[in-house]
Amino acid sequence: MKQLFAFLGLFVLSFGYGQASDQVFFSSFRPQGWDIHLSKDNGKSFSPFTINKSLDYDAKISPNGNWIVFTSERLGKPHLFVKHIDGDTLPRLLIKSKSMQDQVDFSPDGKWIALVSSHEGNAEIYKLPFKPSETLDISEAINLTKNDAGDFRPRFSNDGNHIAFSSDRSHDIKPHKFLVFAMQRTGDIFTMSSDGTNVKRLTNSEGWDGSPNWSSDDSKIVFYSNKSGGRPHLYEIDTNGDNEKMITPGDIGGAMSPLVINDTRILFTNENDYNGVFRILEINPSTKVIDSSLTNGIHMMNVDYHKSGVMVFHGGKKLEETESNKGDFYGDILVKNHPAKDSIENKVLSLFGIRRSFVSPPVLNSSKVVYSYNPARGLGDFITPFMYPLILLPVLALIWFVMGIFNSIKKRKQIAFWKYILFSVLSVFLIVFLIKQLDNWVGFQVLPLNVVRQYLVIALIVLLVALVLMYWLYKKRKSNDKPMASLYKEYCIMLFGVGLGLIYMVLFTGSFLSSTTTFYMVDYNSNDVQKLFDFNADKDFNPQSTSVIDTKFTPNGTAIQFSVGSFRGSPKAQSAVYKYDLLDKTIERVTPLDANYGFADYSEDNSIMVYRSGETGNMDIYVNEKGKITNLTNSEAKENFPTISRDGNKIIYCSDENGKDVKGIVKTMDVFLIERKLDDSWSSPKQITSYSGQEGHPHFSPDGQWIIYATEEFGINDEQPIVQSCVFAPQMYGEIVAQRISDGKKIRLTHNKWEEGAPLWIYSE
């Protein structure tokens with residue numbers, strides 16, 4: 001009978017998962033290969049305390065030295081686990097929840113833990129009794145901060161009466177310095193009573209102040225900050241906010257996560273400039289002497305110490321680039337321990353985190369994904385030998401400039417001084433003009449090569465006219481034996497030389513730069529890699545603008561469509577949509593090259609394509625229905641990321657039409673919906689999300705009833721400098737959310753501190 005019930009249980013479970021044929025793939029910036037490492041001899045030797053393919057990090061030792069609590073992603077989302085320091089048993093779940101728990105700290109008496117959780121939406125600081133033999137529910141936790149902003153890294157004072165923490169609550173969100181569409185947070189140090197009252201702000205930073213620690217007598221707070229605009233350093237400040245000063249020497253840089261042992265010992269995480277490895281250093285704040293004896297050649301982060309000589313940190317071996325994930329994040333392409341399971345209403349979803357900055361689309365009904373790789377990383381990687389002769393241009397400019405100055409002195413009695421000086425200035429001007437034109441297609445201001453060629457031809461015609469005029473003046477002055485004849489002759493030589501340079505540029509415009517992108521198919525289970533095809537853009541496509549983005553399969557899986565060009569460029573910047581047929585092995589460009597075309601998506605029968613284009617001078621959403629092209633938005637707003645439902649009757653996209661203007665630099669985006677009407681026309685756009693921050697990359701569920709997108713609605717879940725410095729990028733809009741179209745019901749699918757985005761929701765048989 002027991003066997004029968006067991007069989008029925010397995011049958012029901014397998015039936016439930018058989019129904020769960022919906023899969024969500026998304027890009028994930030999370031790292032790989034972190035375990036907890038333990039030392040019982042004051043750091044003389046370390047050994048792994050946890051060994052798990054998922055991430056383990058942020059470990060803390062209980063005050064009695066018996067337990068270690070740490071964060072693990074082995075259940076999908078970050079949860080707190082506990083393990084006895086001398087036990088061989090597996091770690092046990094400490095808190096049950098559907099949200100994130102992280103950044104734990106103990107009260108000095110060991111009766112309480114403080115932690116960060118996304119239980120109520122954004123990152124808040126909670127308090128729970130520490131019961132290592134029980135699994136508590138997050139609903140039993142006390143929310144100490146209750147603030148709409150993010151609160152992080154709680155730390156009990158040595159007397160247990162106060163908690164220090166970092167928070168971004170006191171600053172407006174601002175555009176990121178380099179990625180203007182990303183929203184940058186600014187953090188300060190705060191303290192509060194251990195019951196959450198008497199909140200006091202200690203710092204006022206223009207960068208990020210984080211990871212506060214109390215001095216031995218609780219009179220000071222030690223923290224790290226990048227307020228100087230460069231790499232972070234350690235600072236200390238009195239608990240009343242006075243006497244702030246930097247602790248680490250100016251040349252140490254990259255100092256984070258301080259741990260105060262006593263008045264003469266502070267341990268901290270340091271990013272080594274020379275080999276890219278994070279290590280644990282020790283500093284005496286009085287003498288500034290640095291001790292690196294704990295360093296052992298692997299990543300070492302966020303150390304904790306117990307007076308018994310026990311130490312823990314998280315880290316692991318430095319990852320290398322792999323064939324299965326070339327050109328992006330080191331390590332495997334699939335997040336370890338994925339797919340993770342989640343549910344929406346009666347749908348069970350399989351979540352696949354793809355460790356690339358843009359999601360790699362899955363091959364239907366397979367364990368394979370496709371990604372593109374271009375080895376070029378800078379201008380030098382694009383240059384061909386055709387560029388080398390142009391190095392002579394600045395040399396000629398220098399020669400002509402010196403010649404003009406020399407002759408102005410030598411022939412000053414024959415020809416007015418200023419006339420040769422004008423020659424010198426003009427020679428430099430002409431070469432600068434040529435170099436500027438060169439910059440138009442090899443520098444930052446890239447232009448289509450056919451446009452560049454047109455500019456060069458016009459310049460060549462003007463120069464030839466000037467050359468003919470100058471030659472006529474030379475012949476006329478020479479026949480009259482005038483001294484000016486020699487100057488006109490030199491002008492002719494200069495213009496002839498510049499003309500040769502222009503002719504060379506016109507003839508070889510498309511040969512100065514070269515760029516090849518290779519597409520690969522990789523099995524994320526076995527890491528087996530197969531090369532699919534090489535892509536070289538059209539001859540008039542500027543090679544420096546040929547980065548590939550937004551790769552997707554057509555719904556029937558027979559073709560790969562991808563965008564090539566300027567992701568965040570102007571409406572007239574060069575960009576196009578291409579399609580690769582997997583059966584015919586042919587590449588087709590499906591949009592023109594005269595504007596910023598991209599982010600295409602197809603209906604299930606491939607008869608309808610939606611895409612964005614800047615052909616009107618604004619970024620609009622277009623639909624191509626069997627050759628009939630319609631501008632669906634036609635507004636001055638910036639619109640992007642269009643997607644069409646499988647049946648071809650709904651279109652979603654992002655627009656900043658009603659977005660929040662952030663310091664006049666960027667406007668935030670919301671998700672809009674357009675539906676097909678009964679007369680087969682399209683409805684006016686309807687806004688279906690309204691968060692004041694960034695939202696992006698929406699995608700339909702296979703049945704068209706839900707959308708999925710990335711959002712920054714829940715803020716960041718850990719201190720941004722840590723995320724940005726250690727794990728590649730800030731958490732801009734970094735959580736994945738599903739929303740039902742009919743009633744706006746919203747379900748959050750991810751809870752962690754890693755940047756995640758560009759989700760694809762597919763049906764797999």
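Residue D58 lies in strand β4 (residues 56–61) of the predicted model; helices (H or I, at least four residues) and strands (E, at least two) are DSSP runs, numbered from the N terminus. D58 is buried, with a relative accessible area of 4%, where buried means under 20% relative accessible area, exposed over 50% and partly exposed in between (1.4 Å probe, protein chains only). The side chain of D58 makes a polar contact with that of N302 at 2.7 Å. A polar contact is a pair of N or O atoms within 3.5 Å; within protein, one must be able to donate a hydrogen and the other to accept it, and residues adjacent in sequence count only if both atoms are side-chain atoms. Beyond its neighbours within four places in sequence, D58 is in contact (heavy atoms within 4.5 Å) with residues including V69, F70, T71, D102, R153, H314 and K753.

Residues are numbered from 1 along each chain as its sequence is written, and side-chain values use heavy atoms, with hydrogens and water left out. As this is a predicted model, local features need pLDDT of at least 70 and side-chain atom pairs count only at pLDDT 80 or more, whereas totals for chains, interfaces and linings use all residues.

The protein chain averages a pLDDT (the predictor's confidence in each residue, from 0 to 100) of 86, and 91% of the residues score at least 70. Over residues 1–20 pLDDT stays under 50, and the model has 3 contacts beyond four places in sequence for this segment. Residues 722–730 also have pLDDT under 50, with 32 such contacts.

Strand β24 (residues 255–262) has 7 of its 8 residues buried, so it is largely enclosed by the rest of the structure. Strands β24 and β25 form a hairpin with 2 residues between them. The antiparallel strands β24 and β25 (residues 265–271) are joined by 5 bridges; two strands pair if DSSP finds at least two bridges between them. In this pairing, L259 stands opposite L267.

An open, antiparallel sheet is formed by 4 strands in the order β43-β44-β47-β48. Strands β43 (639–644) and β48 (686–687) are at its edges, each with a single partner strand, so one side of each has no neighbour in the sheet. Strand β43 is joined to the antiparallel β44 (residues 650–655) by 4 bridges, and I644 stands opposite I651 in β44.

Helix α5 (residues 449–479) has 31 residues and spans 44 Å from its first C-alpha to its last, close to the 45 Å expected; the expected span is 1.5 Å times one less than the number of residues. Among the buried residues of α5 are L449, V452, L456, L460, L463 and L467.
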